[in-house]
Amino acid sequence: MRVFRTLLPVVVAGLAVLGAGCKRESAARGPDAPLRLGFFPNITHAQALVGNAEGTFASQPGVGRLEVMQFNAGPAAMEALVAGSLDVSYVGSGPAINTFLKAGRELRVIAGAVNNGAVLVVRTVKTPAELKGKKLASPQLGNTQDIALRYWLKQQGLTTRLDGTGDVQIFPLSNPDILGQFLRGGIEGAWVPEPWGARLVAEGKGRILVNEKDLWPGGRFPTTVLVTTRQVMETQRPRVVALLRAHLRLTERWQEDPAGFTTAANAAFGRLTSKPLPAGILQQAFSRLEPSLDPVPRALATAAEHAKTLGFITDANIDGLVDLSLLDEARAGVAK
């Protein structure tokens, strides 16, 4: 049996304090309690979209009773995870790193999901130097794309400040608001995840100045990962391994039949948002996404260093964040 509910975004505060609450709530849960899975209505959570819509997770032997929880922001999902009201979640790499460092190192990345899929789209400029004096946007102050944008600008010799001043002004806006401002000419461009990059190009007649994958060794960086806590790994390991078997199958299905999986993901996305993506935008967006079980640990460590360089965190040591032992068990189970 599957239960589905939506949670509104909440402000994350005191994550280190919430770590203790996570242990108390997890310990108090009985053996018949549902396994709680979180995800966002984003195409960068494509396996979750399809797995939820088609019942892949709920029907996987060993998962047991499943409760699916939809979030609209990474910090809200991570607060729920650390507080013990969520067991496993799809989330961006930025919130995962931040939560690990600020919540007692309890969080664990147990699998990759999606790599790549972030771009800087601009209206008129043709070179990085021409961005001086311009206004850009990112989805959220300190989020994955915001850090990528600020670090890239720093490499170009352009300054940014958290108060919005500097050589380049960066405004934190929701993705829909970014599109609206871009269409009205209120901003020169934005560093955004898909499908918003494809929408800025198609609807706003923008051009891609930077495809973030070109900045990373091997052209790969983690966009979406699957996470849990050390407590859940200890208390519900067999169920999480079973859930990972479903995630593994969904990822392999995407790799083997990208066109069919893209269609299924868009149908699920449309049911949740009432706005399926037009065919052209859909294809462009998915062309920049890579389904992958590899969370690219080296890129996670580099991303943490970038965040530290920009002053968002003071400690970039993420040793212990990635634990793929459950994924190895899931692979072994599928191979039998």
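**Exercise 1.** In what order do the five strands of the open sheet lie, and which are the edge strands?

Solution. Step 1: in this predicted model, the five strands run in the order 8-7-9-6-10, with mixed pairing. Step 2: strand 8 (169-172) and strand 10 (207-211) each pair on one side only, which makes them the edge strands. Step 3: from one strand to the next, the twist averages 25°.

**Exercise 2.** Find the sense in which strand 6 and strand 9 pair, and the helices that lie against them.

Solution. Step 1: strand 6 (residues 118-122) and strand 9 (residues 189-193) are antiparallel, joined over five bridges. Step 2: within this pair, V121 faces A190 of strand 9. Step 3: helix 7 packs on the sheet and touches strand 6, strand 7 (135-138) and strand 9, its direction making about 150° with that of strand 9. Step 4: helix 8 lies across strand 6, strand 9 and strand 10, at about 140° to strand 9.

**Exercise 3.** Describe the largest pocket and its lining.

Solution. Step 1: its space is about 1100 Å³. Step 2: 39 residues line the largest pocket, and N42, N72, N175, P176 and W196 lie nearest its centre. Step 3: the elements that each supply at least two lining residues include helix 7 (175-184) and helix 8 (196-204). Step 4: the lining divides into 18 nonpolar, 17 polar and four charged residues.

Notes:
Residues numbered from 1 in each chain as written. Predicted model: local features only at pLDDT ≥ 70, side-chain atom pairs only at ≥ 80, totals over all residues. Heavy atoms only, no water. 1 Å grid on protein atoms, 1.4 Å probe; cavity = no way out; pocket = protein on both sides within 12 Å on 5 of 7 lines; lining within 4 Å. Points joined across faces, edges and corners; volume = space filled by probe spheres on them. Helix = DSSP H or I, 4+ residues; strand = E, 2+ residues; numbered from the N terminus. Nonpolar A, V, L, I, M, F, W, Y, C, P; charged D, E, K, R; others polar. Pairing = 2+ DSSP bridges. Axes fitted to C-alpha atoms, helices over the stretch in contact; angles between N-to-C directions. Contact = heavy atoms within 4.5 Å.
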